[in-house]
Each structure stands twice: as structure tokens, then as C-alpha cells.
Amino acid sequence: MSTESTLRAVTTHRLLEMKQRGEKIAMLTAYDYSMARILDAAGIDVILVGDSAANVMAGHETTVPMTLDNMIYHGRSVVRGVKRALVVVDLPFGTYQGDSKQALASAIRIMKETEADAVKLEGGVEIIESVERILCAGIPVMGHLGLTPQSIHKFGTYTVRAKEEAEAQKLISDARALQDAGCFAIVLEKIPASLASEVAQQLTVPIIGIGAGGGVDGQVLVSHDMLGINQEFSPRFLRRYASVGDIMSEAFKHYIEDVKSKDFPNEHEQY
Ligand code: KIV
């Protein structure tokens, strides 16, 4: 029998402690085993198996077509590559809105079939019943407010949210409701930095921002975007840390040349 624990080192409690001592939380997305292994070994705190897989892995324009089976496939692949980081899996569109029983069933499938640590849901008071029911089953929940891409057909655009006072006030009360329900952290996407900072100061749970400025408790980006694999997407909040797309393109061209010119394989590269 193996004595090695399958519990990962970063826990929801540890994230809370990080907020309390002012240590910023670093979170990035992964959708497959190889990327997850590299991220985990680099020391990332949280890996999000985001439904942005719909965009960067499957080429869909929105995250709406993502299915629960797709998320479970990506979640399992990521979990196999992670020893340390906390792994959070998105519940996709249509698997939790409006029906808390269905929400619980979806979250249980994610937890049982992927062995991830937590789920993430988009929305505030409208989905609070679903959030509460999932939490009652002992499943940690991360909230997501501001620009919630699963509602893109309602918003109509991907522009900055909560610039007006009424929407800002609703966001603050949604964040409070999620915290009161028991969410362990909340993602705030594409909202004014001053509002995000105010929420982070008012709430005790960690606030993770994407396009929400530096006054929050942590940051998240889509790995393919920050690595420059997906080069078409370049919003102001995105810092590019590499041009991996260019490196891949060069390598592919080089390989094609070598095959065409019969340079590859040479006598050392055969049996
Ligand atoms: O799906 C995703 O990648 C996300 C992040 C943008 C927060 O929800």
C-alpha cells in the first residue's frame, strides 16, 4: 500500500492564510497533463481548468458550447500532472444555473471523476442556491463575478464591467453573498481596479483578479495568452511572458524543411 498522500499541498485554507499575510496568489489555466506538470513544477499556487478550453483548445468563439464531459476530460488530464497546486475546475454553462439539484450533480461528477480540489461557478445571487447546495456537500466553491464569459449573449460585448454605480453596487453585494455562502475565493474579471481593490479590502476571502488591477489578493491569466500561443487575443490587461507561438512556428518550419530536404532523419536517428 502506498503511504504517499494524494492531497495536494496548496489548500483553500492556505490561500486564506496567504491573503492574511499579504502574499499574492498566482493562478494560471491548464487543460492538459503536460502543461499542468510544467506549471506545478514552476510553483504555481492554483491551476484553473477553465472553460476557456472552449476557446483555446477547441476553437469556439465563446465558452457556451463547453460540456461537462469535456471539462471532466480536461480536469482528469490536469490532475494527473499535479502534485502541489490546488486544482479548480469550471462548471460549464448550463450545468448549474437555475437548478441547484443539477448543480450539485454536476459538481459531484467533477469531484469524483477528476479528483480536483474545487469547482468554480460564474454569477452572484442568481446562483446562490446552487452554490449553497454544492458547499453543503463539502465541495469547495470559487466564485466568479464581473465579466462572466458564459453570459456573453446577455452582455453582448467583452468590454469592462461594473463601470456604472448600480452595477458596481450589485457586484459588491454579490461578492458578499458568495463569501457569506462559504466560497473560499472569488475571481473578479475585467472591472475597474478601484472597485476590485475595494472588494478585496472589504472581504476576508481571497480575491483573484484578471483585468482587475493590482489591489487584489492574486492574479489569474489564461496560460495560452500569457505564453503567446494564442496571439490574436491582446487586451490591455494581458502581459505576454513569452512568444511560444513564434518558437513553435519556427520549429515546425525547420522540421518541414528537414523532411523535404531529406536531412531528417540522419544515420544517428534511425535503427
Ligand atoms: O475559463 C477561464 O479561463 C476563466 C479565467 C479567465 C478566470 O474563467
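**Figure 1. Composition of the shell around the ligand.** Three nonpolar, four polar and four charged residues make up the shell around the ligand in this predicted model. Here Ala, Val, Leu, Ile, Met, Phe, Trp, Tyr, Cys and Pro count as nonpolar, Asp, Glu, Lys and Arg as charged, and the others, Gly among them, as polar. Around the ligand are Thr29, Leu48, Gly50, Asp51, Ser52, Asp90, Lys120, His144, Glu189, Ile210 and Val222, each with a heavy atom within 4 Å of the ligand.

Figure 2. Oxygen atoms of the ligand lie 2.9 Å from a side-chain N or O atom of Lys120, 3.1 Å from one of Asp51 and 3.2 Å from a polar side-chain atom of Asp90. A polar contact is a pair of N or O atoms within 3.5 Å. The protein buries 95% of the 260 Å² that the ligand exposes when taken alone (Shrake-Rupley method, 1.4 Å probe).

**Figure 3. Cysteines Cys136 and Cys183.** The structure contains zero disulfides, a disulfide being a pair of cysteine sulfur atoms within 2.5 Å. The sulfur of Cys183 is 12 Å from the closest cysteine sulfur, that of Cys136, which is too far for a bond. Cys136 is exposed, at 73% relative accessible area, whereas Cys183 is buried, at 3% (buried, under 20%; exposed, over 50%; 1.4 Å probe, protein chains only).

**Notes to all views.** Residues are numbered from 1 along each chain as its sequence is written, and side-chain values use heavy atoms, without hydrogens or water. In this predicted model, local features need pLDDT of at least 70 and side-chain atom pairs count only at pLDDT 80 or more, while totals for chains, interfaces and linings use all residues.

Notes. Polar contact = N/O pair within 3.5 Å; in protein donor to acceptor, adjacent residues only side chain to side chain.
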